[in-house]
Structures are given as C-alpha cells and as structure tokens.
Amino acid sequence: MSLKSILNNHTKEAATELVEILDGNSLRCKSCGNRCVIKDGGSGVCRVRFNENGHLHVPWGYVAGLQVDPIEKKPFYHVFPGQDALSFGMLGCNFHCSFCQNWVSSQTLRDDQAVAKLTVVKPEEIVALAVRQQAPVMVSTYNEPLITADWAVDIFRLARQEGIVCGFVSNGYATPEVLEYIRPYVDLYKIDLKSFNEAKYRELGGVLQVVLDTIKRTFDMGFWVEIVTLLVPGFNDSEEELKRITGYIASVSEDIPWHVTAFHPDYKMLTPGPTRAEQLIRAYEIGKQAGLKYVYAGNLPGGVGTREDTCCPNCETALIKRIGFRVQKCSLSEGSCSNCGTSIAGVWGEKPIVPGSGRVHSIPIEKR
C-alpha cells in the first residue's frame, strides 16, 4: 500500500471551524494562510488535507515522531527551564523550504525521497505517556502543526485535564480562525520568522505579512510567544534584514525572546557552509540594539560565550545558564530576578527546575 493510501486511511472530518463549504462540492480550508480552495477529489498545498465528496478530511490517529526531550530544544527558553517536553508530529507542511531541517517528515507526498514511517496511536495513549514521563509540557512539532491542528486539539483537550501545558512549534502561517480554534488548548507558540523579504518568503511558499500578522495576533491573544530565525548565510543574514526582523519583534513586545540559530547544509541547500559563531554573535548584538530584552544564539553549544543564558534585563545577572539544551544553573525566584527582583517574562510554572537536564529519548509505543 502506498504512503498516500495509508495516510488517507488515517483521517477524520475537519473541525467545522476550519472549513468553509463552497458550491459544487468544493470547499475552503482555513487551517493555514494558504486558505486553499479544494475541489472534490483534490488536496490542499500541504497534500494531507483533502476533499472527498465535499467533506474535508484531515490527518488523525498516527504519529511520525514521538519522544521526550528538553523544552529548550523546541526552543522554548522561558518555559519550564530544565524540564522535559513530550513532542509529537505527523507528516506534511504548507511550505517547501529548501533548507528544511525536518524535510523527511515535512515534505511527505511532495518529495519522493521524503519517506517517513508512522505509528498508529490514540490521543489517550499519547497523553498517558506524557503523564507517565511526568512531562509538564506537550508540543506539536516536527511537521507543521497548523495543518494537523484538529489532531493536536484532540490530544491537547485531554492533556489540559491532566494539567499539562501545550504548545505549537510552527512556521506561523496561520489564519485568525485556526488561532481561535486552538487557543483554548494551546498556551505556547514558537514561530519561525524565516526572513523579512517578501520575495524570499514567496520562494518558501508563503507571504511575509501573514507571518507578521500571526506574531502580533498570537501575542495579543495571550499565547506565550518565542521567535526563531535560522540564520542562513546569503539568504537572510544581511544587517539590514536582521534590523528589520528585530525591529518588528520589538515593536510587538521587547519581552518576546528571539532565538537566532545556526544553519547547517541540509535537504536541497547544501551550500553555503554552516553559520559561523561570529555571524550568530553579530545577529545577537543587532537584536539587543533593537531593544529586545531576551536574545539567544543557538545551535553552537559553548561557541557563543554567555549568549545562551537568560539574563536579567535590569541588572544583567545571569539567571539561567545553558550550554546547548542543558541547563547548568537556574536562580530565578518565582519568575523574578533573584538579585534585583525584576519580573522575567515567561511561563515558569511550579515544578522544580533540574540543572543538568538535557536528555533525549524516544518513547516506544505499540506499532500496528
């Protein structure tokens, strides 16, 4: 059986909030900014949401990735530092980035080389795993969670009953409708701001303004937002573009953490070479000059000095010290600076912070 046939057998009808019925058995999907009009028998840009007899079918009942790893890996640096997150993902994406770091799962049905295995599982089983692992956070990630939002909500609805905080790791290509749909169950939202150039966003399959609107909207709706820019030499690393990126984030809120992370050649972008530490440091400095209180240089553990640490924006005390995904020290005091008492923006929770964490392990579940 082909992968497409297998995926088509693991679906359910879309949430009514995310579909608009049109004439002639056509419909409009509202799960992402593409707002695809899908004729009977067709699929959206993502290839995994499709129209069958005038009904929108969407992914449900499987995972292509499921593991426990540090919350810092998402990356969320201002959420339960040193704690674990249970991460799960499905297949498919609404973008086609040539530098995708998760292309095996995201480009399924678009690229014949992107072949990932899946495991059939129920929402209750995933939540039970998180409870057993004592993970305070669950995150929909690996592929684009907006196009599998119906599945995530079915899981998160149960997770919330267990006191688990839930999040999306997303490209931010959202609609107001999908954000309203997930908001009762999702508190955390990490957004990839890949560029500040409209033509470059078109290359990736999107429109820049949609992502900018999502950043503003998620912040205004009360999601905890962190933003990541993968710094790709020659693509988005000019001083002018970085100033526009950081200036926009600061215009929404100077409290939004900005992670600038190192590119490594992958998928269809095998040149240029990897991002160098000095390039990350330059971007970090531009972010601080823009007025951002929390800027992080990532993906080069130990290579960027103290720029992986969370420091008090008032007295500059290092409150959370990190190397990569490993928390070495945390001296937050009930969400405030232990030195001067300044409140540090974040979702800190009540669970004890565990210095020295940083493990990653897969969770076995029964394959069917």
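## Aromatic pairs

Eleven aromatic pairs are counted in this predicted model. Rings of Phe, Tyr and Trp (its six-membered ring) pair if their centres lie within 6.5 Å; planes under 30 degrees apart are stacked, over 60 edge-to-face, and the rest tilted. One of the pairs joins Trp60 and Trp151 edge-to-face, at 5.2 Å centre to centre and 80° between the planes. This pair links distant parts of the chain, 91 residues apart. Trp60 lies in the loop between strand E6 (55–59) and strand E7 (62–63), and Trp151 in helix H4 (residues 149–161). Helices (H or I, at least four residues) and strands (E, at least two) are DSSP runs, numbered from the N terminus.

Trp60 counts as partly exposed, at 25% relative accessibility. Trp151 counts as buried, at 0%. Buried means under 20% relative accessible area, exposed over 50%, and partly exposed in between (1.4 Å probe, protein chains only).

## Cluster and charges over rings

Phe88, Phe156, Phe168, Tyr189 and Phe223 make up one aromatic cluster. Over the ring of Phe223 sits the charged end of Arg183, 4.7 Å from the ring centre. Arg307 lies over the face of Tyr284, 5.5 Å from the ring centre. The rule requires NZ of Lys or CZ of Arg within 6 Å of the ring centre and within 35 degrees of the ring normal.

## Strand E8

Six of the six residues of strand E8 (residues 65–70) are buried, so E8 is largely enclosed by the rest of the structure. E8 pairs with strand E9 (residues 84–89) in the antiparallel sense, over six bridges. Pairing takes at least two DSSP bridges between the strands. Asp69 has Ala85 in E9 as its bridge partner.

## Basis

Residues are numbered from 1 along each chain as its sequence is written, and side-chain values use heavy atoms, without hydrogens and water. Local features need pLDDT of at least 70 and side-chain atom pairs count only at pLDDT 80 or more, while totals for chains, interfaces and linings use all residues.
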